[in-house]
Amino acid sequence: MRNKLLILLIFSLFTGNVLAQKEHVNSKKYTILLSGASFASPENGWFELGCRELDAKAINRAIGGEAIADAANRMNDGSLYSQEELEEIDALVIMQVHNRDVADESCLRDKYTDYKLPFNRDNYAIGFDYVIKRYLTECYELRNNPKSKYYKSKYGKPALVVLCTHWNDNRTLYNTSVRLLAEKWGFPLVEFDKYIGFSKRANHPVTNEPVTLLYASDMQKIEGVLHGHHPLRGENEYIQRKMAAIFVDMMHKVLPVK
């Protein structure tokens, strides 16, 4: 009899702990979805750190090696987010930062349905255009979904899309064009390159090399100069914590008060 009571007590404690954890997750103030590649994948840590500071549920769908074309294809096959997640997402953050022109309008279509799928990586601008237009459209169309809390609202679900620069300023083509894209749509831009704390224009006074090399795990040659490529990963790393701070600062400005 005593053993049965002990087992029952342990089971009750375990069940209560599981329910408490589930309730804690569900009680988060915000839900934020991140799409990206190796600079945004969970091994980095900046996004998860930032979401904890924001009291937000972090949905990190970034996968190393992917590009905006992959995000578009995943959106099309339903693996970037589910319909249930679409209902709850407060912000879609895009950190696809390959050094390509993402603002070229020469091949864009009026509607996302006008594009032929699947996408390849030939044109990054159309990949961004597809993701943006599809997300805005799907949020708006929740006004016609009887199962949605936005059913019959005038504007559907308010759609917040947040773009990001590269983690530093060495990817000039991308950083320049993503600013144009953010300006075009009126989207917030997380300017990692502006606030990271160093620039490609000035080498470190001791090493006489780009400062990015001090904080990176590998190197990449850009315009004939070796720069740091992937920042050191892990939530304890300085760059990840600095990126989290920059991210949080912007999100505090643009997330609706709850």
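The legends below describe an overview and several close-up views of a predicted model.

**Figure 1. Overview of the predicted protein chain, with its 8 helices and 7 strands.** Of the 258 residues in the chain, 46% count as buried. Among contacts in the protein chain with a separation of 6 or more, 67% are accounted for by residues 24 or more positions apart. The chain exposes about 14,000 Å², and carbon and sulfur atoms supply 54% of that area. A search of the whole structure finds 13 aromatic pairs, and a search for salt bridges likewise finds 13; the views that follow show some of these pairs together with their surroundings.

**Figure 2. Helix H8, residues 238-254, and the elements against which its buried residues pack.** The end C-alpha atoms of H8 are 25 Å apart, which agrees with the 24 Å that its 17 residues should span at 1.5 Å a residue. The buried residues of this helix are Ile 239, Gln 240, Met 243, Ala 244, Ile 246, Phe 247, Val 248, Met 250 and Met 251. An α-helix has 3.6 residues a turn, so residues three or four places apart point the same way. The packing partners of the buried H8 residues include the strands E1 (30-36), E3 (91-95), E4 (161-164) and E5 (189-190), and they also include the helices H2 (46-54) and H7 (192-195).

**Figure 3. The aromatic cluster of Trp 46, Phe 47, Phe 192 and Phe 247, joined by ring pairs.** A search of the whole structure finds 13 aromatic pairs. In the pair formed by Trp 46 and Phe 192, the ring centres are 5.2 Å apart and the planes lie at 70 degrees, an edge-to-face arrangement. This pair links distant parts of the chain, since Trp 46 belongs to helix H2 and Phe 192 to helix H7, 146 residues apart. Both Trp 46 and Phe 192 are buried. Phe 247, another member of the cluster, is one of the buried residues of H8.

**Figure 4. The edge-to-face ring pair of Phe 119 and Tyr 130.** The centres of the two rings are 5.0 Å apart and their planes are at 65 degrees, and because planes over 60 degrees apart count as edge-to-face, the pair is placed in that class. Phe 119 lies in the loop between E3 and helix H5 (124-141), whereas Tyr 130 lies in helix H5 itself, 11 residues apart. Phe 119 counts as buried because its relative accessibility is 11%, with the cut-off for burial at under 20%. Tyr 130, at 1% relative accessibility, also counts as buried.

**Figure 5. Lys 28 and its salt bridge with Asp 55.** Lys 28 is placed in the loop between helix H1 (2-26) and E1, and its relative accessible area of 24% makes this residue partly exposed. Side chains of opposite charge can pair when their charged atoms come close. In the salt bridge between Lys 28 and Asp 55, the N to O distance is 3.9 Å. Because Asp 55 lies in the loop between H2 and strand E2 (56-60), while Lys 28 lies in the loop between H1 and E1, the pair ties together parts that are 27 residues apart in sequence. Asp 55, at 30% relative accessibility, counts as partly exposed. Leaving aside neighbours within four places in sequence, Lys 28 is in contact with Ala 56 and Lys 57 as well as with Asp 55. The C-alpha atoms of Lys 28 and Cys 51, which are 23 residues apart along the chain, are separated by 9.8 Å.

**Figure 6. Glu 48, a buried acidic residue without a salt bridge.** Glu 48 is found in helix H2. The nearest side chain of opposite charge is that of Arg 52, 7.0 Å away, whereas a salt bridge needs a nitrogen and a carboxyl oxygen within 4 Å. Not counting residues up to four places away in sequence, Glu 48 touches Pro 42, Asn 60 and Glu 235.

**Figure 7. Further salt bridges, including those of Glu 66 with Arg 74 and of Arg 121 with Asp 70.** The side chains of Glu 66 and Arg 74 meet at 3.2 Å, N to O, and both residues are buried. For Arg 121 and Asp 70, the closest N and O atoms are 2.7 Å apart. That pair links distant parts of the chain, with Arg 121 in the loop between E3 and H5 and Asp 70 in helix H3 (residues 68-77), 51 residues apart. Arg 121 counts as partly exposed at 37% relative accessibility.

Definitions and conventions
Residues numbered from 1 in each chain as written. Predicted model: local features only at pLDDT ≥ 70, side-chain atom pairs only at ≥ 80, totals over all residues. Heavy atoms only, no water. Helix = DSSP H or I, 4+ residues; strand = E, 2+ residues; numbered from the N terminus. Expected span 1.5 Å × (residues − 1). Buried < 20%, exposed > 50% of the residue type's maximum accessible area, 1.4 Å probe, protein only. Contact = heavy atoms within 4.5 Å. Phe/Tyr/Trp six-rings, centres within 6.5 Å; stacked < 30°, edge-to-face > 60°. Areas by Shrake-Rupley, 256 points an atom, 1.4 Å probe, with all protein chains shown as cover.
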